[in-house]
Every structure is written in structure tokens, then in C-alpha cells.
Amino acid sequence: MEFDALVLSRIQFAFTIAFHIIFPSFTIGLASYLAVLEGLWLLTRNETFKTLYLFWVKVFALSFGMGVVSGVVMSYQLGTNWSVFSAVAGPVIGPLFAFEVLAAFFLEASFLGVMLFGWKKVGPGLHFASTVLVAFGTLTSAFWIISANSWMQSPSGFAGTVEEGLVAVNWLQVIFSPTFPERLAHMVLAAYLTTALVVAAASAFRLLKDASETESAMALKMSIGMLAIVAPLQLLAGDLSGKDVREHQPAKLAAIEAFWETRTEQPFHIAAWPDRELEGNHWELSIPKIGSWITGGSVETEIQGLDAFAPEDRPPVFIVFWAFRLMVGLGLAMIALGFWGAWTIWRGSTARNQAFLRACVAMGPTGFVAVISGWIVAEVGRQPYVIYGVLRTEDAVSPIGAGAVSASLLAFLVVYAIVFSVGALYILRLLAEGPVAGAHEAPPSQDRPPGWALGAAPEDPGPPDKEDR
Amino acid sequence: MRDIIEGPPEPETPPRPLHRRLAWFVVLALGGMAATGAVAYALRALLGLE
């Protein structure tokens, strides 16, 4: 493989988006969780919800900050590294990104200030409204970004050619492209699962040290409830999204399933070693006929294999095949964890079940891994196109040299390694501390001048009374 | 972080006047927006974009 500007730009975009997607996939769910916690505190005045809110809002603020920084870099790359894509598709896709910034991003950024610094200043009602607006902003952000990405997967509502540029002729069709609803549901549910797994892991970690910690026990039960409900729903959303792929991106489906031959009664490959040069699998562990049933609804359904597409129109198979299996495998593990947790709640043993708590801690990062795997399936599976069937990736790159991209890629690697390692370590340290009741309450005031050397020492009660002598 | 993030008012504290709460709401919202804009433009300048 030659490391030219195209390959280096793809590596740079993949690297930066893999870092970036970690943060929104966490903050989308966490913002909703914070709104639920504050709502429950307002309703019940149970101090546990307030303590949990004040703990998780710190994690949210840090994650949001890192998401902003890594996200702004993404949009600039569309100009620096993918200027042909921007020039060709900008009139169609540009407004979607603009709406994301105007309607969502600024909504989040504006009311985050109230969330963090204004509870006493604006009062409980307006503060809760701010929290809800931030949560709504994160979901709106997801709406526009998935809308833009779905248009790149299944473009509709546009006219023109790559040479003369694309223009929108029907904005509703651009925004609500055919695969958009299922992909939005899949992404939002993935974000909720990711958050539930992180909250469960942090809470379980605390409970392993002290099983009587009320706040962590409550947070763990809430996470289990989310996992038990959302993980099975995600399986359904994923299946619907897969049906979309079959209809609109059959080459991607063939790569996901390592189908090389167009036929009925396709097998389902549990594991395989696909090889593009061989145009087949070196070995495979399969269940006969089930592949047609899963992807097409009947074993008699003919499913297109990669032989239906010219070699230059096929996506990379190996990485798409295995990324999909990693995502689905982790999804099944999440369903199992949710049901196991529901069982422990029913038995009343959640906070004391050491094996379950350790499993929760181990599963903590899997939401992020599943999100990145799913993103790889979506993006690598769309290759060799950047806009499916319209603009090839190799035709979308900026006319820049490999040296310039190498330098920026190196800078990204170094800066991200420093900035995000420090950020991630700080978040992990916060999580390890856990929610502490009363952590935000002001210390008792002492009538002493600031800066006094013995300011922290207990106050002298004065000479004892005669009766005490 | 502990001192910066503000907790809820104490239960016995009387609420501030509505106009002051609304004024803080607007000031903090605009401050958040300005801070985000500053980060974006700083990154833009760092990348050498016009």
C-alpha cells in the first residue's frame, strides 16, 4: 500500500473520528441521565439523586469539553483534506452540518453554563429546564449528524453530477434519506447503552469496595434497568438497519456477511477468514441456509454476493466482516448483562453479587468498542465511495501532498495522545472517587481572617469555666 | 471542580427575585455560547484557516 495523501487523509480522518465518537456517544446518554436524575430529585427530594447528579455532571462537563475540541477538528478536515468532497457535496450536506452547529451545538453549549454554574443563581425550575435543554441539544446534534451521514450512505433528493456539483432539489428527502430513521435509532440507543455501561461499571467498582454505598447501588440499578430494556431494543434496531443495508447498499451487506456468490440459501458465517485476492473465504464456520433467512426473511431469498460487483466497487471485506461480528458479539453480551442484572435485582442481591459487579466493571468500555466497531462497518462498508454510488473516495481528497498530511497526522497523534490521555485519566480518577453525599456543600464558616496560618485548626474554646476546673 | 460546580439552593433559603434569576439565566447562557465560540475560533486560528 502506498502512503499517499489519500491513504494518509483516510487514516487521519479515521483516527480523529474514532477519538471524537467516544465523547458524544457517552454525553448523549449522560445528558438524558442527568435530566432524569434532576427530575427525580425535584419530584422526590431524595438526596441520593442530587448527589448522583452532582457527581455525574462533573464527568459530563469534562467529556463535553473533550467532545467539543475533537469535534471542531472534524469539520475543519472536510476543508483541509476533503475539499473536493466539500466542493461537490457542500450545497447539499453543508446546511445539515450548519443546522447541527446552530440548532444543537449552541443549545448544548449555552445551557451547559447554567447547568454547571447556576443552580443557586437561577433556582431549581430554570436549572432543570437547562438540563433538559442540554439533553435535547445532544439528541438534536445526533439527529443532524446522522442525517448527514445517512445521506452519504443512501443519497436522495439531489440533482447534478460530480463534475458540475450537486444541489438539493428536495430538502425533506435530503434530511430524511431512506436509511436515516433506522440509523438514528441505532445510534441513539447505542449512546444510551454506552452510558449505562459506564455508569454501571463505575457504580460496581465502588460497590466492590463498599457494598453499603447507597448512591452507587441506586445508580447501578438504574443502569441495569436501562440495559435490560434498551439492549434487546438495540438488537431490533440493528436488524432493521441491516435490512436497509440489503436494500440500499448490497455490496456492504455482502462484505458484512462474507457472501462471495449470489445465490439463495446463503449460509450464516459465524466466523471466517475472507480474502479479496482469493475472492472467497480461506475457512469458515457456518450454519447452512440461515444467512438468507436472517438478511432476506426466507431461505429462498436470493442475496447478492460480492461477485455481483466489479472488483473495484467492492468494500474491504475482512475488516467489515470482523468489525460487525465484534459489534454484534458485544451487543449480545450487553443483553446477557442486562438480564443477569435484572435477576440480581429480583433476588435483592445486586450490591453484594461479586461476580456480577466484576462483570459490570469488565463490560464498562464495551459500549465504546461496539460504537467504534459499528462505525467501521458503516464507513468502511461504504467504500470505495464517500457518497455511495455518486462520488468515489479517491476522487474526493484535496489536492495536497503526502508530506503535509503526514505532518498534520503526526501532530494529531501527539496532541491527542497528550490531551486525551490526561482527560481520560482525570475522568477515571473522578469515577474511582465515586459520588459522595454532601461533597458540594460549603464547609462550616469560621470567623477568622483568610490566610491565617492556623485557619484549619479547631477554634480555641477559651479558658474553662470555674465549674469545669 | 468541586468549588466551581454549583449545587442546588438550601431548602430553607428563600428564592431570589424572578428578574434576578432570569438575568443570571441569560448571562450564563450567553457566556456558555461565547466560550464555545472562543474555543472554535482559537482552533480555527491554530489550524491557520482564514
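A quick definition before we start: a helix axis here is a line fitted to C-alpha atoms over the stretch in contact, and angles run from 0 to 180 degrees between N-to-C directions. Keep in mind that this is a predicted model.

Q: At roughly what angle do the axes of H3(A) and H1(B) cross, and is that parallel, antiparallel, perpendicular or oblique?
A: The axes of H3(A) and helix H1 (residues 18–46) of chain B come within 7 Å. They cross at roughly 125°. Roughly perpendicular stops at 115 and roughly antiparallel needs over 145, so H3(A) is oblique to H1(B).

Q: How many charged residues does the contact of H3(A) with H1(B) have?
A: H3(A) brings residues including A:Phe106, A:Leu112 and A:Phe117, and H1(B) brings B:Phe25, B:Leu28 and B:Met33, among others. By class, there are 10 nonpolar and five polar residues in this contact. As for charged residues, the contact has no such residue: the count is no charged residues.

Q: Where does H4(A) bend?
A: With 35 residues, a straight helix would reach 51 Å, but the end C-alpha atoms of H4(A) are only 43 Å apart. H4(A) bends by about 80°, and the place is A:Gly125.

Conventions: Residues are numbered from 1 along each chain as its sequence is written. Chains are lettered from A and ligands numbered from 1 in the order in which they are written. This is a predicted model: local features need pLDDT of at least 70, side-chain atom pairs count only at pLDDT 80 or more; totals for chains, interfaces and linings use all residues. Helices (H or I, at least four residues) and strands (E, at least two) are DSSP runs, numbered from the N terminus. The expected span of a helix is 1.5 Å times one less than its number of residues. The bend at a residue is the angle between axes fitted to the seven residues ending there and the seven starting there. Angles under 35 degrees count as roughly parallel, over 145 as roughly antiparallel, 65 to 115 as roughly perpendicular and the rest as oblique. Two residues are in contact if their C-beta atoms, placed from the backbone, lie within 7 Å. Ala, Val, Leu, Ile, Met, Phe, Trp, Tyr, Cys and Pro count as nonpolar, Asp, Glu, Lys and Arg as charged, and the others, Gly among them, as polar.
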